[in-house]
Amino acid sequence: MQTLGHFIDGQPFPDEHRVQAVYNPALGEPVRRVAMASRTTVEQAISAADRAFPAWSRTPPLKRARILFQYKALLEQNAERIVAAIVEEHGKVWEDAQGELARGIEVVEYACGAPEFLKGEHSRDVGPEIDSWSEFPPLGVVAGITPFNFPAMVPMWMFPMAIACGNTFVLKPSEKDPSAALILAELALEAGLPPGVFNVVNGDKEAVDTLLTDPRVKAVSFVGSTPVAESIYATGTAHGKRVQALGGAKNHAVVMPDADLDNAVNALMGAAYGSCGERCMAISVVVAVGEATGDELARRLKPKVEALRIGNGTTRGLDMGPLVTAVHRDKVRSYIDLGEAEGATLVVDGRKPSVQGSKTGFFLGGTLFDHATPAMRIYREEIFGPVLVIVRVPDLAQAVELVNAHEFGNGTCVFTRDGAVARHFSDRVQVGMVGINVPLPVPVACQSFGGWKRSLFGDLYAYGPDAVRFYTRRKTLTQRWAVQGIEKAQFAFPSNG
Ligand code: NAD
């Protein structure tokens, strides 16, 4: 069986010293193995990135952008190969993997604007013959640590902007679906990126700990679960690094009595069950405002959840594939058991799914609970599977209060026909990304992505304008070219007063 190694200094880096199986979750069987990098191997990747930094940071942004334009073209030419790798190892359905890659490519497109977003800020005549400006030089070697659920897109939230800004990069993708990241690195080299600018190390905690403690790594971008995000933030910042660590979520969709329910229900289906619920922006809670809205939502959602088309994502036109691993499938199933025990009404039970084709994969059907309460664990905890719970509240104020009381604040949305309700909701809700009749308000590449509360540790969001600030450091110059005369010594603090 093939063992995937790493990609260091512009070359594949074979490694067999410690390996782990990579599964095809639709078949429920291992398809290859992946190496777990040792500290020494990760240090080799950091050294390669460190060596590449001086020349790359001095490469004009326009030339960096030209490589990124070429990279975008190569990503599009190789889309089928990348999508196939995502579907095989993650299990999401083909069209969903295509969407993931397309959103990743949009970040590459934005990164092509490097000459524009790195041009700095200039103030002329801030004093007599004095000009002042800010430059945004890169940090050095930066690292990315990414989750299993977007094996191409989440790495692409990070490295295109980091390298566009002049940094060099070491990526540690998820060990569950590592192939896509290796293809991304191979194509970047083919696009003309110098060796060492973008490196990939596969692995687990040992690799991550090396990245967090090596003094040559100046910043770390992390996306994954909240407990790991919190510890990455603590360790990375304790070692003097800039860290952004994006964590878990429990995203509420508030449905008002006046909403267009046909559209709301269709939107909820895709947002709750797409990618088997394994999205940090998945809707996992419906907050029905009013009992009648709750009854109507449960009635309309039930047949649609029962009709989900489930199977191997290589078959076109399906709604849902398997969960990523047997362990994760069992964890999600245990939440369905728990919801029953906690007393929520089980409207659709996904524990015995009807699956097209494969019987051995890590499948679960869509599950719908009604009458969940804020005290229940199925409401409070991130399940990260195809389980949607309905909570009922009497009015908008209590809907907002419920969302704001939750520990997570990644995404939320409201379905309504009333602009004033929408404005009231978006003004008061303590969540980073808000949709108005948009169930998955994932910001586009020219905005930035991030949550509030325990969904993000750090100050700056991923990609977009925040990424320029995260991956650069401001240097402000103040310059005087006196036209004539000799200056007297001045002891008052300089001002224009
Ligand atoms: P995870 O936290 O288990 O793993 C994420 C990364 O951290 C992986 O590369 C993994 O190898 C590494 N890792 C895991 N345990 C570690 C440890 N103890 N020490 C050091 N490194 C460790 O997350 P996952 O299961 O791969 O992904 C799912 C989670 O990611 C969900 O909670 C989801 O909400 C979250 N997520 C968040 C966002 C966001 O933008 N906020 C986006 C996607 C996924």
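Here are a few exercises, with worked solutions, on a predicted model of a two-domain chain.

**Exercise 1. Work out which stretches make up each domain, and how much area is buried between the two.**

Start with the domain assignment: domain 1 takes residues 3–247 plus 455–477, and domain 2 takes 251–436. Then count who touches whom: 21 residues of domain 1 are in contact with 27 residues of domain 2. Now for the area, which comes to about 2100 Å², with carbon and sulfur atoms giving 59%. On the domain 1 side, A26, V93 and S455 lose the most area, together 24% of what that side buries.

**Exercise 2. Find the salt bridge between the domains, then describe the domain 1 side of the contact.**

The count across this boundary is one salt bridge. To see a salt bridge up close, go to D96 and R279, whose side chains meet at 2.8 Å, N to O. Nine residue pairs are also in polar contact between the domains. For the elements involved, check α3 (79–90) and α4 (94–111): each supplies at least two residues to the side of domain 1 that touches domain 2. By class, that side has ten nonpolar, six polar and five charged residues.

**Exercise 3. Decide whether D295 and R392 are buried or partly exposed, and say what their pairing ties together.**

First, the pair itself: the side chains of D295 and R392 form a salt bridge at 2.8 Å, N to O. D295 sits in helix α11 and R392 in strand β19 (residues 387–393), so the bridge ties together parts 97 residues apart in sequence. Buried needs under 20% relative accessible area. D295, at 44%, is therefore partly exposed, while R392, at 15%, is buried.

Stay in α11 (residues 291–306) for T293. With a relative accessible area of 7%, T293 is buried. Beyond its neighbours within four places in sequence, T293 is in contact with V255, M256, P257 and A288.

Conventions: Residues numbered from 1 in each chain as written. Predicted model: local features only at pLDDT ≥ 70, side-chain atom pairs only at ≥ 80, totals over all residues. Heavy atoms only, no water. Domains from an automatic or database assignment. Contact = heavy atoms within 4.5 Å. Buried area = accessible area lost by both parts, 1.4 Å probe. Salt bridge = Lys/Arg side-chain N within 4 Å of Asp/Glu carboxyl O. Polar contact = N/O pair within 3.5 Å; in protein donor to acceptor, adjacent residues only side chain to side chain. Helix = DSSP H or I, 4+ residues; strand = E, 2+ residues; numbered from the N terminus. Nonpolar A, V, L, I, M, F, W, Y, C, P; charged D, E, K, R; others polar. Buried < 20%, exposed > 50% of the residue type's maximum accessible area, 1.4 Å probe, protein only.
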